[in-house]
Amino acid sequence: MESGEYVPGSVYFYAPNKGAAIFFAIAFAFSGFYHIYQCMIQLYLSSLNNTDREHQPLQELAPNWPLRLLRRPIRRGLRRAPGEPLATPTSSISVCLIYGAPPLLELANYNILGRILYYAPYHSPIHPGQVITTFAFISAVIEALNGNGVSLTANQSLAPWRQDIGRALLKASLLIQVFVITLFILLAAIFHRRCYKSGMRNAKLYNPLYTLYISTALLFARTIFRVVEYWSIAEHDYWKPGFDPKSLSPAIRYESFFYVFEAMLMLINHVLLNVRHPRMWLPKSTKTYLSRADGATEIDGPGYKDGRPFWVTLVDPFDVHGLLGGRKKGGELWDGDGEQRTGKDGC
């Protein structure tokens, strides 16, 4: 039973539960290895079908899973024991990995949404290819803020003013994550609504969307927990004479909060994408889309290309300039018959 009392010498406030750390390290490793197995199977099937560069096996829909395979078990194994010096590389690396991994999970979801939009591009509010580039750019900014903020905050041997900079960077990172996840869900919801209003009822389109909603909700809950937790830390002055450790939030004093709102939520997210991976429903090629006429027939088209310069797509991902100028949003790519691949299915 946790006491909520400070354990002298522990950077986590409490004495980390070794059994729980080992369990989650093994669980995350198993999920990661299983995903690699899924990738190998897909690569083998793709080689039999002589797929081209437009075809995306599992690892291209979730490209950072091998990295997460390393980050999750390592960070669980690095749960630091009481008595270890506060500024050890072990504790610093552990905290960096804890804060750095979830944005990579969000990046995988951005890629998945882009593939979903390619499946019905005429209902997409943004060019499908720009989902990953735009949100990946934001993710890179978040990771930079995370990495620098956590490294400065975790190293208690640094000057106070440098630790203050680290805390400010980490606050900015967490708030940006909340904003980006909200924007991401809004983008997916607009697309979902457009598809539903048009009469599309294809399960192959909606199933990956439902999976994406669940995954994003898990990540959002984790981020909110981190925002609440970190704000409760930042408002205290630990070096002030007479500071009472019990004045800290229960989210800091009890390890169970960490395992429920961080470890368990992220493990559920991993297992979710193992069991309901979007490639179970989405086609291999981004050139394959659903017919606008019946919403069920798959058609091989020429692909949905954005001819604008790359920097323009970053600045104006929604092509507001083109819409104001009356430019047609790729309609010529799906208004024709294309090449029919399959009959009606998945409804």
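Visitor: Before we start, what should I know about UniProt positions and annotations here?
Guide: UniProt positions follow the numbering used here, and annotations may be inferred rather than shown by experiment. Also keep in mind that this is a predicted model. With that said, the unreviewed UniProt entry lists residues 20–37, 131–154, 174–193, 205–225 and 256–275 under the name "transmembrane region".

Visitor: Take residues 174–193: how far apart are the end C-alpha atoms?
Guide: That span comes from the "transmembrane region" list in the UniProt record. In the model, residues 174–193 are 100% helix and 0% strand, and the end C-alpha atoms lie apart by 29 Å.

Visitor: Which is it for the rings of Phe24 and Phe28: stacked, edge-to-face or tilted?
Guide: Eleven aromatic pairs turn up in the structure. For Phe24 and Phe28, the ring centres are 6.4 Å apart and the planes make 35°. Planes under 30 degrees apart would count as stacked and over 60 as edge-to-face, so this pair is tilted.

Visitor: Is Phe28 buried or exposed?
Guide: Phe28 sits four residues from Phe24 in helix 1 (residues 18–48), about one helical turn away. Buried means under 20% relative accessible area. Phe28 has 1% relative accessibility, so it counts as buried.

Visitor: Which helix holds Phe135, the partner of Tyr110?
Guide: Tyr110 and Phe135 form a tilted aromatic pair, 4.8 Å centre to centre. The two are 25 residues apart, so the pair links distant parts of the chain: Tyr110 is in helix 4 (residues 89–119), and Phe135 is in helix 5 (residues 128–154).

How values were computed:
Residues numbered from 1 in each chain as written. Predicted model: local features only at pLDDT ≥ 70, side-chain atom pairs only at ≥ 80, totals over all residues. Heavy atoms only, no water. Phe/Tyr/Trp six-rings, centres within 6.5 Å; stacked < 30°, edge-to-face > 60°. Buried < 20%, exposed > 50% of the residue type's maximum accessible area, 1.4 Å probe, protein only.
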